[in-house]
Amino acid sequence: MLKINNLSAKIDNKSILQDFKLEINPGEVHAIMGPNGSGKSTLSNILSGKKGYDVTGEVLFENKDLFSLETEERAHKGIFLAFQYPLEIPGVNTNVFLKTSLNAIKKARGEKELDAIQFLKLVKEKAKELKFDEEKLGRQLNVGFSGGEKKKNEILQMSILNPKLSILDETDSGLDIDALKTVAEGVNALRKKNNSFLIITHYQRLLEYIKPDFVHVLMNGKIIKSGGPELALELEKKGYENIN
Amino acid sequence: MRDKQIEDLKDYKYGFSTDIENFKAPKGLNEDVIKFISNIKKEPQWLLDWRLKAFERLKVLKEPDWQKPKYPKIDYQDLYYYSAPKSFKDKPKSLDELDPKLLETYQKLGIPLNEQKRLNGIAVDAVFDSVSVATTFKETLTKQGIIFCSISEAVQKHPELVKKYLGTVIPLTDHFFATLNSAVFTDGSFVYIPPGVRCPMELSTYFRINASDTGQFERTLIIADKGSYVSYLEGCTAPMRDENQLHAANVELIALDDAEIKYSTVQNWYPGDKDGIGGIYNFVTKRGLCKGKNSKISWTQVETGSAITWKYPSCILKGDNSIGEFYSIAITNNHQKADTGTKMIHLGKNTKSKIISKGISAGFSDMTYRGLVDISPKATNSNNFTQCDSLLMGNKCGAHTVPYIKNKNSDSNIAHEATTSKISEEQLHYCQQRGLNPEEAVGLIVNGFCKEVLQQLPMEFAVEAQKLVGISLEGSVG
Amino acid sequence: MEEQLKIDFEKKLKDFSYSDQEKKFKETNFKEFLKQGFPNRKLENWKFSDLNQIIKNNIGELTFYNDYKKENQIDKIELIRELEHNRIIIVDGKIEKIDFKFEEKDKIEVLDEQGEETIKENINSLINLNNAFSNKFCKIIIKKNYSLKKPLVIYHSTNKNTQSKNTNSRIDFKLEENACLRIIDIFKDNSEKNFLNIYYNFELDKSSILKNYKIDKSINNNVKYSYNNVKQQANSISETFILSSGSKFFKNEINCDLLGQHSSAFVNGIFDLDDENHHEIKSNINHLVENTKSYQLVKSVLEKKSKAVYQGKIFVSSEAQKTDGYQLSNAILLSENSEFNAKPELEIYADDVKCSHGSSSGSLDENSIFYLMSRGLNYKEAKKLLINGFLLDVIEKITDEEIKNLIKDLLGVKE
């Protein structure tokens with residue numbers, strides 16, 4: 001589904017990712033772990049199309065060159081990024097935003113757009129599953145939301161937009177244990193044969209609830225070790241310094 | 001009468017050796033007076049021509065009248081434009097001759113006795129004379145190639161530098177008071193920091209050689225060459241007594257590539273008495289030019305004195321990536337009036353500016369913050385942040401905020417915030433419950449209000465300035 | 001210009017019969033205007049624009065004479081269909097029709113006004129111009145305790161062949177105790193290059209409510225100036241909303257004197273500008289007694305070479321303790337040639353007050369755009385959604401639901 005070959009990225013001439021390689025097949029859950037400044041967020045930014053990076057190498061999504069696609073086109077194709085720091089957008093109602101997004105994606109895919117009633121039904125259902133306060137859906141996007149609510153909102157968006165590849169950028173940071181469980185449940189509910197996940201995290205904690213198929217350790221812009229779920233535990237025990 | 005004066009002048013035109021101690025140029029503003037000043041200072045022809053050009057311009061300029069504080073009309077023909085340093089016989093002989101109120105203030109500020117005398121022009125014991133201290137400093141500076149002297153001396157010894165930079169930031173044609181200064185300035189400071197040199201100490205008018213009696217038309221020129229740094233302090237916290245009512249100084253700062261100038265002022269001229277009689281008009285023009293890329297100019301001011309203060313230390317951000325800052329505390333009490341603020345003119349790319357202004361008005365005083373932020377179309381990716389806070393004490397005073405904000409560049413951001421408030425009863429009560437008297441409590445709260453600006457002052461100034469903030473508001477509680 | 005003014009004024013005095021008082025009123029104002037002329041940059045209120053220049057560049061030579069005897073056609077004017085309303089129709093400065101068809105007749109009184117012989121309150125030269133050249137003006141009184149059932153729409157129109165003309169109109173309103181009036185100003189520009197000068201006086205008695213919505217939406221090449229002078233007694237409320245968009249130049253001035261305790265004034269506005277349009281809002285909120293409140297919010301979205309200016313002033317006299325004054329302006333510059341200028345001014349003489357102002361201007365937040373695009377919106381959609389959200393804030397301040405929806409439709413803003 002996603003194939004990253006020799007990806008290097010620089011910002012202001014500072015090298016962040018070097019010859020990064022990764023392949024994710026349909027249905028797989030990959031976790032990338034790494035210390036601060038290892039290039040984790042850069043990876044998610046580049047995959048979602050944020051500008052400002054000097055990039056070389058190749059990224060294929062369903063055999064299509066990702067770099068030839070605009071940010072929104074990537075979203076249309078089914079790439080979803082749960083932001084580490086979801087933005088507050090004053091004046092923009094959460095429901096309006098979600099509906100606009102969903103219908104933009106449906107339209108791009110040639111699917112039938114949802115009307116207001118269908119949409120509200122869907123969003124209510126999903127909000128209930130995620131224990132997301134319905135009242136917040138009527139409020140401005142992320143404005144006045146707590147850190148946990150913002151993260152839950154990202155997962156809610158994910159479950160509504162139903163992407164093929166979800167990238168979770170430190171979604172666990174700032175969550176208490178109950179919120180963490182809810183988020184994990186949301187993710188697990190989406191785990192299907194054809195849906196893949198790339199979970200970017202600092203700690204092993206989230207991986208107790210979302211079992212990854214593969215774990216990769218990212219240091220200084222490179223994957224220095226890959227393995228199964230046991231690698232995360234090893235990492236927790238030994239720390240990043242002593243992993244090699 | 002006028003003919004007689006000109007006659008007198010002619011006599012002195014060639015008589016430099018006359019004992020100038022007792023000499024004043026005749027009253028009035030005319031070409032002869034300007035020629036006289038230039039002559040007596042042995043200035044080169046180009047500088048005289050420059051002064052005369054300013055005078056020509058002055059004739060067509062009008063005194064500005066848009067500022068909020070109004071003042072009685074000044075008769076410019078009834079002023080002396082040059083008076084030589086006073087002989088000691090005209091000066092007070094001991095502190096006993098001074099206003100006891102003034103002495104009380106010195107006590108509170110903890111100003112040493114000799115310093116008190118010096119401030120009032122009383123002859124000081126040679127041992128304590130700051131001149132000798134200054135000489136030692138001067139040696140250290142000279143070693144690094146730093147020039148720090150009076151502008152008159154600089155005209156003689158470094159004419160190429162003066163000629164190159166004088167009037168490049170405040171042009172001859174600027175506005176009435178600035179142009180007046182250009183025509184008749186008497187003396188002031190000159191600083192030049194060579195490339196790559198970080199000035200090892202805070203330069204101060206305090207240690208300036210021949211510091212006394214620079215007169216009412218002071219001129220300062222500071223040049224920081226590429227990659228250099230200087231911090232300059234002007235004034236002192238003790239109240240300054242002065243004979244001249246009108247002060248129209250010009251200060252020009254020039255920062256070349258990667259250079260930084262930090263200019264701090266504590267202005268505490270005589271504000272007039274409780275009923276607003278007397279006091280100094282402080283109409284100063286201060287402007288800095290960030291000429292080179294990555295240059296920075298930072299103004300910090302604590303304005304507590306003068307009957308009328310009217311000044312806008314400004315930054316012209318010409319070099320790309322240059323930075324301008326303005327930190328200000330202005331306090332008015334009794335019948336004082338202040339109209340002060342800054343201008344940040346963004347011309348270069350990626351230029352940044354920051355304005356923090358704290359105004360406090362008490363008694364019957366009136367305070368205005370007036371500022372301009374102008375981001376020109378070419379100043380891409382520039383930004384400004386402005387915070388202006390006013391505190392009112394009593395309802396006989398006024399606090400006004402008049403910012404002009406112009407954004408002509410879509411990649412640039414300007415944010416401006418302003419608040420006006422008073423010291424809450426709860427705050428006062430809390431402090432008093434902890435044992436402070438009302439004046440102490442107000443001092444404490446006001447110092448808290450001003451903290452962001454006080455932090456910008458050099459260490460040796462900061463403590464005194466804090467005390468000054470409290471003292472300036474005395475009598476305003478109750 | 002002076003020559004033309006004199007000729008036109010003479011002709012006017014000759015052609016229409018005025019009472020002595022009216023004549024005196026017009027002459028005094030005319031003299032005052034000649035003395036001062038059109039405002040220029042030297043005046044603090046006109047710091048950011050020079051009306052002389054604006055008239056010169058967009059109109060050329062102005063003429064000032066209007067034939068008020070002529071019956072103007074009004075049936076061609078397209079009326080608002082979305083809501084039922086009372087109407088006043090003004091064509092070339094002449095009030096052609098006053099129709100309060102939805103209201104009880106004895107609750108509204110329309111009086112002819114003569115004007116004062118001397119100038120009591122010399123506001124500015126444009127008001128002098130208006131008083132000198134406007135036709136007879138009237139005073140509309142809303143009686144005690146009466147709330148109009150339907151809003152009053154005032155249509156400002158010009159004749160097809162009217163060009164390079166200055167037109168002046170003035171209406172005075174008095175809202176008696178506990179009365180309530182909603183006014184919508186709509187511009188129907190049928191011709192180009194005119195200078196419209198509109199002047200309203202409002203007297204708000206105790207507990208009365210005035211809502212004035214000024215909508216300048218359709219694109220036109222006229223230059224406009226409007227002045228609202230509002231005097232408010234205790235517990236009265238005034239709400240002004242300005243949608244400033246379509247005209248070449250439009251300056252709206254709002255002066256509110258809060259004369260009675262617990263009176264409040266709200267001024268909200270949107271600059272939605274394109275091309276080379278230049279619009280301004282100038283407000284003066286004068287807090288003159290204790291316990292009064294004002295709130296101002298102005299948002300700007302500026303395309304191409306457009307320019308918006310917001311000069312908002314809060315004045316608090318020494319008697320006006322416990323004043324609550326707030327003022328905020330935000331601008332988004334969408335083009336490298338657009339420009340936003342602000343002068344948020346506070347002049348305060350009382351200490352127990354809560355006053356603040358804020359102003360920000362800059363580009364659309366690229367991070368927000370990216371966030372929206374990562375959810376599948378294209379750049380254009382993302383921009384629209386953000387601007388929508390940015391403006392919604394001000395529109396939500398409109399307290400009249402019917403009119404709020406009308407304005408939302410006009411702007412294409414969705415919730």
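What covers the buried residues of α5 of chain C? Among what covers them are α2 (71-77) and β7 (89-93) of chain A, together with α6 of chain C. Before we zoom in, remember that this is a predicted model, in which local features need pLDDT of at least 70, side-chain atom pairs count only at pLDDT 80 or more, and totals for chains, interfaces and linings use all residues. Residues are numbered from 1 along each chain as its sequence is written, while chains are lettered from A and ligands numbered from 1 in the order in which they are written.

**View 1. Helix α5 of chain C and its cover.** The buried residues of α5(C) are C:S368, C:F370, C:Y371, C:L372 and C:M373. Here "buried" says that 20 or more other C-beta atoms lie within 10 Å of a residue's own (12 or fewer makes it exposed, anything in between partly exposed), with C-beta atoms placed from the backbone. A helix is a DSSP run of H or I with at least four residues, a strand is a run of E with at least two, and both are numbered from the N terminus.

**View 2. Where chain C meets chain A.** Chain C brings 19 residues to this contact and chain A brings 23 residues. On the chain C side, the elements giving two or more residues are α5 (366-373) and α6 (379-395). The largest share comes from α6(C), with 7 residues. Sort that side by type and you get 8 nonpolar, 6 polar and 5 charged residues. Nonpolar covers Ala, Val, Leu, Ile, Met, Phe, Trp, Tyr, Cys and Pro; charged covers Asp, Glu, Lys and Arg; the others, Gly among them, are polar. "In contact" has a cut-off too: the C-beta atoms of two residues, placed from the backbone, lie within 7 Å. What about chains A and B? They do not touch, and their nearest C-alpha atoms are 15 Å apart. Of the 2 pairs of chains in contact, B and C share the most contacts.

**View 3. An open sheet in chain A.** Follow 4 strands in the order β2-β1-β4-β5, with antiparallel pairing. β2 (14-24) and β5 (64-65) of chain A are the edge strands, each with a single partner, so one side of each has no neighbour in the sheet. Helix α1 (residues 40-48) of chain A packs on the sheet, touching β1 (2-11), β2 and β4, and its direction makes about 70° with that of β2(A). Strand β4 (residues 54-61) of chain A runs antiparallel to β5(A), and 2 bridges join them. Look for A:L60 opposite A:D65 in β5(A). Two strands count as a pair if DSSP finds at least two bridges between them.

**View 4. A hairpin in chain C.** Strands β1 (residues 86-91) and β2 (residues 94-99) of chain C run antiparallel and are joined by 5 bridges.

**View 5. Two helices crossing in chain C.** The axes of α2 (residues 20-36) and α4 (residues 125-133) of chain C come within 8 Å and cross at roughly 145°. Those axes are lines fitted to C-alpha atoms, for helices over the stretch in contact, and angles run from 0 to 180 degrees between N-to-C directions. Among the residues of α2(C) that meet α4(C) are C:F25, C:F30 and C:F33. Its residues in this contact, taken along with those of α4(C), divide into 5 nonpolar, 5 polar and 2 charged.

**View 6. The two domains of chain C.** The domain assignment gives domain 1 (2-364) and domain 2 (365-415); such bounds come from an automatic or database domain assignment. Taken over C-alpha atoms, 28 Å separate the two centres. In the contact, 20 residues of domain 1 of chain C meet 19 residues of domain 2 of chain C. Strands β7 (180-188), β9 (209-216), β11 (237-244), β13 (264-273) and β15 (293-302) of chain C each give two or more residues to the domain 1 side. That side divides into 12 nonpolar, 1 polar and 7 charged residues.
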